[in-house]
Amino acid sequence: MAAALALALTASSCTGDSEPEPRRSPAPSSPAPTAALTFGVWGGPEEIAAYQAMVDTYNATSGAEPVTIEPYADAAGLVAAVQKGGAAAPDVYMLPRTDLAWLREERRNVPVDELLDERGVNFGDNYSRSALEAFSDDLRLQCMPYGVSPEVVYYNKRLVDFDRMERRGLQVPGGERVRWTFDQFAEAAAFASRKRRGTKGVHVPATLEGLAPFIYSGDGKVFDDADDPRSLALAGDESRAALERTLTLLRDPTVTLSEKQLSRRSALEWFKAGKLGMITGQRDLVPQLRAVPGLDFDVISMPVLDTPATVGDVTGICISARSASVPQSADFLVHALSTDAVAEVTEAGFLAPANQTVALNDAFLQPDRAPEHATVFTGGVSSMVLPPLLTTWPELDATVNPMLAELMNVSIIEDLGEATERIDEASRTVLDSESLEESAEESPEGDE
């Protein structure tokens with residue numbers, strides 16, 4: 001259904017000559033009354049300032065009532081405001097894709113496809129089908145994709161020095177050094193680990209999101225069904241094999257941070273201090289790493305076990321079903337999606353834009369600034385595996401992540417098959433709780 005919607009959107013927007021910028025419909029002869037609107041965003045001071053500059057441009061040129069920024073420290077704060085509704089909810093707001101399921105369930109948004117089509121926004125030129133599919137539901141485009149940020153590997157170029165490794169005959173990525181194998185990744189982790197210097201090679205979070213790229217790259221599955229899961233699928237042959245290979249490295253105490261070290265500093269803090277060779281992360285890490293004096297860093301793809309794969313975040317901009325003016329909200333959304341407006345925000349460094357025109361130009365690539373290989377972010381989008389739309393992500397993470405952490409913190413796993421079966425079984429209490437309740441009700445009394 002999502003694919004059919006994306007094709008329909010592409011077809012409707014590609015008739016006739018294409019245009020790189022959204023077009024405005026002819027202005028009415030007499031201006032309609034306008035309402036004061038709010039735009040909900042999250043981020044640090046630099047991010048909020050970038051959004052504010054974009055909104056200021058709109059306010060100076062639109063002729064409508066000014067749009068006011070409603071800033072939040074993080075996505076959770078903004079999502080809470082949208083869930084609360086009422087006066088606290090912004091008219092237009094950013095939303096992580098992982099929150100789309102409850103948004104649709106509670107009908108808190110207005111689909112944007114027809115609103116944008118009426119205003120001449122050309123979906124086909126600037127947005128990939130996968131980005132459009134990410135925010136599609138019920139054969140409608142519910143929100144407009146704004147940011148697409150795949151998970152990549154950040155590495156300290158002084159600790160992971162590919163030139164030195166190559167001179168020593170070690171395995172290193174070839175060509176542009178934007179993609180590598182898992183064996184090359186493991187070699188780099190060992191090279192960066194120096195007991196005398198107090199450095200470690202790599203840290204990957206012991207979470208479902210942290211391990212998912214490795215499972216997918218090993219041709220395994222994280223969920224038993226990509227659209228309507230009832231269980232995790234970590235005990236499957238391919239998934240278990242990918243985990244066994246991955247965990248052999250990630251639980252090696254000679255190359256990874258210990259629990260004691262992580263209790264003193266986060267992995268990101270160790271990386272900033274120059275004591276950790278590699279971490280995984282998304283584009284929003286770039287500004288804070290640039291601010292660390294003397295830190296020489298770059299990015300490379302997630303390592304490939306069998307097939308290139310990664311996960312990541314997709315962020316959309318939505319229009320509230322309770323907006324003071326849906327038409328005016330749509331007018332503002334057109335401005336926010338324009339190439340100039342997206343480029344203005346992107347230049348702050350934290351956004352990996354869904355707008356492909358901006359993603360391929362210097363506003364995003366920033367060739368004179370770290371990371372040198374920013375193309376890794378744009379190249380990784382095609383390898384992203386989008387998770388199913390769930391309303392139970394917090395419960396699922398709370399249930400399985402402690403069990404995954406246990407796998408990461410032991411040096412030897414006697415039976416990985418049994419361990420992954422326990423994790424899969426625990427996930428069913430969240431993903432398939434109704435079936436489990438029905439099964440319990442149908443069981444005769446006294447059965448064990």
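Reader: Let's start with β7. Which strand does β7 pair with, and in which sense?
Author: β7, residues 144–150, pairs with β12, residues 312–320. The two strands are antiparallel, and six bridges join them. Keep in mind that this is a predicted model.

Reader: Noted. Which residue stands opposite G312 of β12?
Author: That's P150.

Reader: And how many of the seven residues of β7 are buried?
Author: Seven of the seven, so β7 is mostly covered.

Reader: I'm curious about cysteines. How many disulfides does a search of the whole structure find?
Author: One. C143 and C318 form it, with their sulfur atoms 2.1 Å apart. The link joins distant parts of the chain, as the two cysteines are 175 residues apart. C143 sits in the loop between β6 (140–141) and β7, while C318 belongs to strand β12.

Reader: What's the handedness of the disulfide between C143 and C318?
Author: It's right-handed, because the torsion about the S-S bond is about 100 degrees.

Reader: Is C143 buried or exposed? And C318, buried or exposed?
Author: C143 is buried, with a relative accessible area of 0%. C318 is buried too, and its relative accessible area is 0%.

Reader: OK, new topic: β1. How many of its six residues are buried?
Author: Six of the six, so β1 is largely enclosed by the rest of the structure.

Reader: Which residues of β1 point one way, and which the other?
Author: L37, F39 and V41 point one way, and T38, G40 and W42 point the other way. Residues on both sides are buried.

Reader: What does β1 run parallel to?
Author: Its parallel partner is β2, and six bridges join the two strands. In one of those pairings, W42 has Y72 of β2 as its bridge partner.

Reader: Now a helix. Which residues of α3 are buried?
Author: In α3, which spans residues 75–84, the buried ones are A75, L78, V79, A81 and V82. They lie on the same side of α3, because they cover an arc of only 155 degrees around the axis.

Reader: So what's on the face turned away from the buried side of α3?
Author: The exposed residues A76 and K84 are there.

Reader: What comes just after α3?
Author: G85 does, and its phi is positive, at about 75 degrees.

Reader: How about α9, which residues are buried there?
Author: α9 covers residues 182–192, and its buried residues are F182, Q184, F185, A188, A189, F191 and A192. They pack against α8 (162–167), β9 (200–203), α10 (208–217), α11 (237–250) and β10 (276–281).

Reader: Let me pick a single residue. Where is T346 found?
Author: T346 is in helix α16, residues 339–346. It's buried, with a relative accessible area of 0%.

Reader: What does T346 touch, leaving aside its neighbours within four places in sequence?
Author: T346 is in contact with L351, P353, V358, A363, F364 and Q366. Also, a polar atom of the T346 side chain lies 2.7 Å from the backbone oxygen of V342.

Reader: One more residue: Q288. Which helix does Q288 lie in?
Author: Q288 is in α14, residues 286–290. This residue is partly exposed, with a relative accessible area of 32%.

Reader: And which residues does Q288 touch, not counting those up to four places away?
Author: L268 and K272. With K272 there's a polar contact between the two side chains, at 2.8 Å. As for G349, 61 residues from Q288 along the chain, the C-alpha atoms of the two are separated by 9.5 Å.

Reader: Last bit, the whole protein. How many helices and strands does the secondary structure come to?
Author: There are 22 helices and 12 strands. Of the 448 residues, 52% count as buried. The protein exposes about 20,600 Å², and carbon and sulfur atoms supply 48% of that.

Notes. Residues are numbered from 1 along each chain as its sequence is written. This is a predicted model: local features need pLDDT of at least 70, side-chain atom pairs count only at pLDDT 80 or more; totals for chains, interfaces and linings use all residues. Side-chain values use heavy atoms; hydrogens and water are left out. Helices (H or I, at least four residues) and strands (E, at least two) are DSSP runs, numbered from the N terminus. Buried means under 20% relative accessible area, exposed over 50%, partly exposed in between (1.4 Å probe, protein chains only). A polar contact is a pair of N or O atoms within 3.5 Å; within protein, one must be able to donate a hydrogen and the other to accept it, and residues adjacent in sequence count only if both atoms are side-chain atoms. Contact means heavy atoms within 4.5 Å. The arc is that of the directions from the helix axis to the C-beta atoms. Accessible areas come from the Shrake-Rupley method with a 1.4 Å probe; for residues, only the protein chains shown count as cover. Two strands pair if DSSP finds at least two bridges between them. A disulfide is a pair of cysteine sulfur atoms within 2.5 Å.
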